[in-house]
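Reader: I am new to reading protein models. Can we go through one together, feature by feature?

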Amino acid sequence: KRVLAIYKQPELILVLRLPLDGDEVKRLLGSQSSGHNSYLIAESVIDPKTSKIRLSQLTHPMSLPLKADRAKGLQNIRKRTCFDILTPTEVIELSAAFLPNDSFDNMEYASEKCLSDTYRFEHAISESLLLAQHMNFQHMEQHQIILGTPHSYVIGGNDQVLKEALASALELQKSRGGGNNKLDSSIIDERDTSGNTA
């Protein structure tokens, strides 16, 4: 479990975690520490001026499900909630889905909660990144790379996953009553709620 802290002054994003044990706290603070449960350790310090966000598959309808996604069912919803913060030195994968395993027995609740939580986190981080650039979040054109879209596979240079996603999209088209082996462009160029394509 990690904690995300977004600061406006100074403009900073922190990824925090609980200490592994009391020894870690003593090592960092010296012998003055007492009890390790009251501390958080800064795992990553992010400068919003130099960072980007790669949005999750869950919050955008244009993401194509891979065969493995559909086969794993409930187990894969956590992976679909993952989004990345890209900094000059690292890629930090985060998920806002914090549900105990038994919550996934009620798939409708789990899906709705994961979608809501993931969207809120992505929005807060995106707003922080744009505000650090002194840009108006509401009236800004953004170049989005959304995980799980053909666009993200091309940008990432992942040819194998691109082929799998296109094959999966073709199967999806056939299951909806679409014909032949030619993929309908509306599946690849599906529009999100903002009217943008992937």
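Author: Start with exposure. Buried means under 20% relative accessible area, exposed means over 50%, and partly exposed lies in between (1.4 Å probe, protein chains only). Glu11 is partly exposed, with a relative accessible area of 26%. Two notes on the source. This is a predicted model, where local features need pLDDT of at least 70, side-chain atom pairs count only at pLDDT 80 or more, and totals for chains, interfaces and linings use all residues. Residues are numbered from 1 along each chain as its sequence is written, and side-chain values use heavy atoms, with hydrogens and water left out.

Reader: How many salt bridges does the structure hold?

Author: First, the idea. Side chains of opposite charge can pair when their charged atoms come close. A salt bridge is a side-chain nitrogen of Lys or Arg within 4 Å of a carboxyl oxygen of Asp or Glu. The structure holds six. One of them joins the side chains of Glu11 and Lys49, at 3.8 Å from N to O. That pair links distant parts of the chain, 38 residues apart: Glu11 is in the loop between E1 and E2, and Lys49 is in the loop between strand E3 (41-46) and strand E4 (52-54). Lys49 is partly exposed, at 45% relative accessible area.

Reader: Which residue forms a salt bridge with Arg54?

Author: Asp84 does, with the closest N and O atoms 3.6 Å apart. Asp84 lies in strand E5 and Arg54 in strand E4, so the pair ties together parts that are 30 residues apart in sequence. Asp84 is buried, at 7%. Arg54 is partly exposed, at 25%.

Reader: Which residues are linked in a network of salt bridges?

Author: Arg2, Arg17, Glu24 and Glu43 are. Within that set, the side chains of Glu43 and Arg17 meet at 3.7 Å, N to O. Glu43 is in strand E3 and Arg17 in strand E2, 26 residues apart.

Reader: Now the strands. How many bridges join strand E5 to E6?

Author: Two strands pair if DSSP finds at least two bridges between them. Five bridges join E5 (residues 82-86) to E6, and these strands run antiparallel. Cys82 has Ser95 in E6 as its bridge partner. E5 and E6 form a hairpin, with four residues between them. E1 (residues 2-7) and E2 are also antiparallel, joined by six bridges.

Reader: Which side chains of E6 are buried?

Author: Along E6 (residues 91-95) the side chains alternate.

Reader: Which residues make up the largest nonpolar core?

Author: A nonpolar core is a set of buried Ala, Val, Leu, Ile, Met, Phe, Trp, Tyr and Cys residues joined through side-chain atoms within 4.5 Å. The largest has eleven residues, including Phe83, Ile85, Ile92, Leu94 and Ile125. The elements that give two or more residues to this core are strand E2 (12-17), E5, E6 and helix H4 (107-132).

Reader: And helices? Which residues of H6 are buried?

Author: An α-helix has 3.6 residues a turn, so residues three or four places apart point the same way. In H6, the buried residues are Val161, Leu162, Ala165, Ser168, Ala169, Leu170 and Gln173. Just after H6, Gly177 takes a positive phi of about 95°.
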